[in-house]
Amino acid sequence: MHFSDRIQALKISPIRRLIPYADEAKAKGKKVYHLNIGQPDIKTPDEYFEAIKNFHPHTIAYQPSQGIKELREAISGYYQAMGVPFEPNEIYVTCGGSEALQFAVMILCDPGDEILVPEPFYANYNTFANLALAKLKAIPTTAETGFHLPSEKVIESLITPKTRAFWVSHPCNPTGTSYTPDEVQMLCRLAKKHDLFIIADEVYREFTYNKGSEGFMSFADSEDTRDRVIMVDSVSKRFSACGIRIGCIAIKNKEFLAQVMKLCQGRLSVSAVEQVGAAALYKTPKSYLQEVNKEYKMRRDVLYKGLKEIDGAVCHEPKGAFYTMVKFPIDSSEKFITWLLQEFDINGETTMAAPGNGFYADPNKGLDEMRIAYVLKKEDLEKALHILKNAVEAYPGRLEAIKA
């Protein structure tokens with residue numbers, strides 16, 4: 001039986017591949033605190049449900065391939081309020097941010113073309129690149145430097161005739177790094193100099209905790225490069241609505257948008273019902289986002305305090321999103337998490353995270369790292385960190401224990 005090279009190049013999600021062990025632990029009566037997946041527990045705004053409740057057309061018909069006018073106008077208004085002049089006709093609605101990312105790669109890359117991405121990166125970037133037969137080329141970052149970008153000279157040395165774009169999650173899933181204005185401007189400068197695009201995945205824009213000179217700067221803030229910044233966005237995390245599957249792609253480049261339309265028409269249209277609900281989400285009071293930011297900042301503080309108490313853990317304070325990538329004194333994060341679920345518990349409770357190597361182009365990197373999502377309420381997060389601290393100390397594959 002033959003399967004394509006394209007599909008066989010894809011990998012099982014590192015975020016979900018250990019779920020069977022978690023299910024097995026639960027079947028044995030253990031409670032598992034999930035630090036492995038970025039599923040918010042914050043309430044979805046009522047505006048969405050009211051809009052869905054009142055949506056009752058005679059026939060639910062195909063919608064415009066670009067997306068309904070009401071939603072594109074709502075997204076445009078959101079960006080205008082940020083000082084970014086995206087017009088409704090420069091915004092295309094997609095099936096979640098994931099489809100927008102896949103569209104961007106399909107449009108930019110021929111087989112063998114390269115995209116430069118800070119590593120570690122969101123695991124599905126590998127999936128989307130492989131589907132386009134493109135290659136992700138790592139911009140190396142480290143836990144010791146808070147996963148910030150290397151120098152401009154280092155990044156420029158990675159650019160080849162095959163390079164088509166930079167691909168940046170900002171703030172970053174999985175590291176929690178929010179790039180500084182200097183870093184954003186550096187990539188914009190290099191993009192213009194070498195005629196590259198920037199795929200700017202900013203779905204965690206509202207989840208930033210920087211102050212002062214390190215405050216958040218969007219890639220779309222640079223007027224000089226707006227025609228090459230492919231803005232990818234989503235309602236999933238901003239409004240705690242992951243299951244709605246509504247995102248968008250926006251850019252001030254008519255030639256690029258003409259290519260987006262081809263792909264939008266190929267998949268016909270996005271769900272009519274969900275577009276109506278998503279348009280209503282953009283009417284959510286600002287106080288909602290302010291309270292959500294306050295809640296996640298508190299959880300970030302709880303997480304960082306707990307991680308600092310784990311001997312040998314290497315972690316800088318995450319400045320955005322609701323993740324951090326942590327380096328532990330262990331032989332293998334996948335072995336460690338499996339051991340956690342199968343053999344370790346405190347009073348019948350255990351926890352799990354996502355193995356770090358799944359967020360690298362080379363699966364032999366990040367073996368001692370784990371991505372932790374701080375999407376649990378304070379009490380559960382504290383319990384999970386207590387379990388994690390004791391587990392790292394007791395783990396047979398702890399590096400100090402192996403050396404001894």
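Me: What makes up the accessible surface of the protein chain, and how big is that surface in Å²?
Reply: About 17600 Å², and 52% of that belongs to carbon and sulfur atoms. Areas like this come from the Shrake-Rupley method with a 1.4 Å probe; for residues, only the protein chains shown count as cover. Bear in mind that this is a predicted model, where local features need pLDDT of at least 70 and side-chain atom pairs pLDDT 80 or more, while totals for chains, interfaces and linings use all residues. Residues are numbered from 1 along each chain as its sequence is written, and side-chain values use heavy atoms, with hydrogens and water left out.

Me: Why does D221 count as partly exposed?
Reply: Buried means under 20% relative accessible area, exposed means over 50%, and partly exposed is in between (1.4 Å probe, protein chains only). D221 has 30% relative accessibility, so it counts as partly exposed.

Me: Which residues does D221 touch, leaving out those up to four places away in sequence?
Reply: V84 and R226. Contact means heavy atoms within 4.5 Å.

Me: What lies 3.0 Å from a polar atom of the D221 side chain?
Reply: The backbone nitrogen of S218.

How values were computed:
Polar contact = N/O pair within 3.5 Å; in protein donor to acceptor, adjacent residues only side chain to side chain.
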